[in-house]
Amino acid sequence: MTAGFYYAAIAGTILSFLAGCLWYTLLTGKIWQQEMGFSDARIKEIFTPGRMFLAFVTEWIAAFCTIGLFHNLPVALIYKVLMILGVLIFQGIKLSIFDGKSFKTILINEGYRIISILILAATYSIFM
């Protein structure tokens, strides 16, 4: 693997995590909180430094795996992105249905998945 691979994954991790922070706070935070049925106290319990660190680590692992798929699938990047989005979005929708989530929650969560994959595709394009 080249240095570009690692740069793409690291930059993608940081940018995707920051986008998620904005997405679930400023942009959709109140709607997401209401749809999930979380009180302000519960939100404070969820968003602790330890959990945020764990979320960042999982974002990092996902970014490395995604950049690896982008790098190794032998088709154009647009098809790679569409295939990965298809898997993630439809699995996310299926899980949301069985978890009893509202349509708004599904849109919020899957919207972030789309943003995250597009960020990773952009960092892949820049560094590779």
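Colleague: How much space lies in the largest pocket?
Modeller: This is a predicted model, in which local features need pLDDT of at least 70 and side-chain atom pairs count only at pLDDT 80 or more, while totals for chains, interfaces and linings use all residues. Residues are numbered from 1 along each chain, and side-chain values use heavy atoms, without hydrogens or water. A pocket here is an open set of points on a 1 Å grid where a 1.4 Å probe fits, with protein on both sides within 12 Å along at least five of seven lines. The space in the largest pocket comes to about 1,200 Å³.

Colleague: Which residues that line the largest pocket are the closest to its centre?
Modeller: The lining holds 39 residues, each with an atom within 4 Å of a point. Closest to the centre of the largest pocket are Gly20, Tyr24, Ala55, Glu59 and Tyr112.

Colleague: Which element gives the most to the lining of the largest pocket?
Modeller: Helix 1, helix 2 (29–36), helix 3 (40–46), helix 4 (49–72), helix 5 (77–98) and helix 6 each give two or more residues to this lining; helices are DSSP runs of H or I with at least four residues. The most, 9 residues, come from helix 4.

Colleague: How many residues in the lining of the largest pocket are charged?
Modeller: By class, the lining of the largest pocket has 21 nonpolar and 11 polar residues. Asp, Glu, Lys and Arg count as charged, and Gly as polar. The charged residues in this lining number 7.

Colleague: Is helix 1 roughly parallel or roughly antiparallel to helix 6?
Modeller: Helix 1 (residues 3–27) and helix 6 (residues 103–127) have their axes 8 Å apart and pack at an angle of about 150 degrees. That angle makes helix 1, relative to helix 6, roughly antiparallel (over 145 degrees). The residues of their contact divide into 15 nonpolar, 9 polar and no charged. The term for the pair is thus roughly antiparallel.

Colleague: How does helix 1 lie to helix 4?
Modeller: The axes of helix 1 and helix 4 come within 8 Å. They cross at roughly 135 degrees, which makes helix 1 to helix 4 oblique.

Colleague: What class of aromatic pair do Phe17 and Phe56 form?
Modeller: The count comes to 11 aromatic pairs, with ring centres within 6.5 Å. Phe17 lies in helix 1 and Phe56 in helix 4, so the pair ties together parts 39 residues apart in sequence. Their ring centres are 5.2 Å apart and the planes stand at 85 degrees, where the class needs over 60. The pair is therefore edge-to-face.

How values were computed:
Axes fitted to C-alpha atoms, helices over the stretch in contact; angles between N-to-C directions. Parallel < 35°, antiparallel > 145°, perpendicular 65-115°, else oblique. Points joined across faces, edges and corners; volume = space filled by probe spheres on them. Phe/Tyr/Trp six-rings, centres within 6.5 Å; stacked < 30°, edge-to-face > 60°.
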